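This briefing sets out selected computed features of the structure shown below, grouped by topic.

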Amino acid sequence: MNRLNTKDLINIGIFTAITAIIVFTLGIVTGFAPVIHIFMPSIAALTSGVTYMMLLTKVQKTGVIFIMSTILGGLMLLIGSSMTIMVTALLSGIVAEFITKSGGYKSFKHNMISYCVFSFWNTGTLLPFWIMRETSYNSLVATAGVEYAESFAAVTPIWMLPVMYISTIIFGIIGAKIGKRVLHKHFLRAGIA
Amino acid sequence: MKAKIMETTGAGLIELDPRSKLFLLLLGNLLVVLSVPLIYEYLIIAFIGSLFCVTGYSKKGLWLMGAYFSVLLINNVVLVYIIKFQWATFLLGGGMLMRKLFPCIMLGNFLISTTKVSDFILAMEKMRVPRQLIIPFSVMLRFFPTVYKELGYITDAMKLRGIEATFKNWVLKPIMMIEYIFVPLLMSAVKIGEELSAAALTRGLSVEEKRSSYSTLTYGKIDYGVTVFVLVLMIGIIKYQI
């Protein structure tokens, strides 16, 4: 098993940066409307596919996905999300690592599944609304007023939780396929990826 | 010429250790989750703005404080009228959220623009963060402003060809946007990655070897002062909740 050297770590940093920018922009844009905010992980899954596939093509070693999800979770923590995001980030990173490894880093099917699992890191911000309903409602009232908290409570009935995850998986599949197409069409032909 | 993460306007009066800046970021984090009386929020924003000015980035500090004022303006003036429309009430919540996030945004900006990359790496090493996390994290911080610049260049170049990167285009013709804006961005990212790796290896930044550093990071009197001040603030905020 090869260890990650400086070149790999730099690549991880760069692609994580691009992913972070996309996700944060989406977060700010969708943060206004609670209805859309529930699907933020799904939209993020749709758009981060290209960078993920690219990173996996460039660095085919253990630890890449884990570092990526840890850094993304840490960033969200610094911006002010609850602790659950670190848990989801670490967990999804570890599971995604195992999935890619079992496919030998070359199987697209495995990479696609690992991408869907990886996309769960984003759900950590929304998870408290089902798990710790009371506390998150109160903190939302303190942060953004009663109307916002009410509209959030209205769009998070218990059946929304699996819907959010399933839609993340579906959008993740689409995102991974988009990533593969973009990779093939532009980068592999140019010999860069 | 040591490269800072973003371009600087000059030397300031004091220098803060990166660890104090990270501690300040924790304060911003706390402010998002817990609520504080308005007067203290204004005071804290003014304090952060003065931090910018004191370390030599007055232009940036004043610009950020101006942005905060415009957020306040939108919240208290514009949105009051929007309440008349039933469907737009959630915008009020969004505006409040923006106001709450502002200390965090300012502090993050403070961290990124006033820290040299090597100092930041040294601070993380002193905190015993593993190499595998330090390098990607500092590359990321260094890369954020570069991405914005590159994106600017790419959109300019595309304008010459008649392809505009407007919001409408992103929604209606996403494929074209991906092909003409996102793919060039990724290509330049790959190139930058290769150049960065060569530069880093030349500077001896490897995973196994211990680094020697020209600048020594000491936690000076000002850093202790700032840390204590932030601690007092945090205790005050938590006490206020009870």
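Helices (H or I, at least four residues) and strands (E, at least two) are DSSP runs, numbered from the N terminus. This is a predicted model, in which local features need pLDDT of at least 70, side-chain atom pairs count only at pLDDT 80 or more, and totals for chains, interfaces and linings use all residues. Residues are numbered from 1 along each chain as its sequence is written, chains are lettered from A in the order in which they are written, and side-chain values use heavy atoms, without hydrogens or water.

**Fold and dimensions of chain A**
- Chain A contains 11 helices and zero strands, giving the pattern α-α-α-α-α-α-α-α-α-α-α along the sequence.
- The radius of gyration of chain A (taken over C-alpha atoms) is 17 Å, close to the 16 Å from the globule rule for 193 residues, so chain A is as compact as a globular protein of that length; the rule is 2.2 Å times the number of residues to the power 0.38.
- Along the principal axes, the C-alpha atoms of chain A fill a box of roughly 55 × 30 × 25 Å.

**Burial and surface of chain A**
- Of the 193 residues in chain A, 57% are buried (under 20% relative accessible area, 1.4 Å probe, protein chains only).
- Carbon and sulfur atoms hold 74% of the accessible surface of chain A, which comes to about 7800 Å² (Shrake-Rupley method, 1.4 Å probe).

**Helix H2 of chain B**
- Ile39(B) lies in helix H2 (residues 38-54) of chain B.
- Ile39(B) is exposed, at a relative accessible area of 52%, the cut-off for exposed being over 50%.
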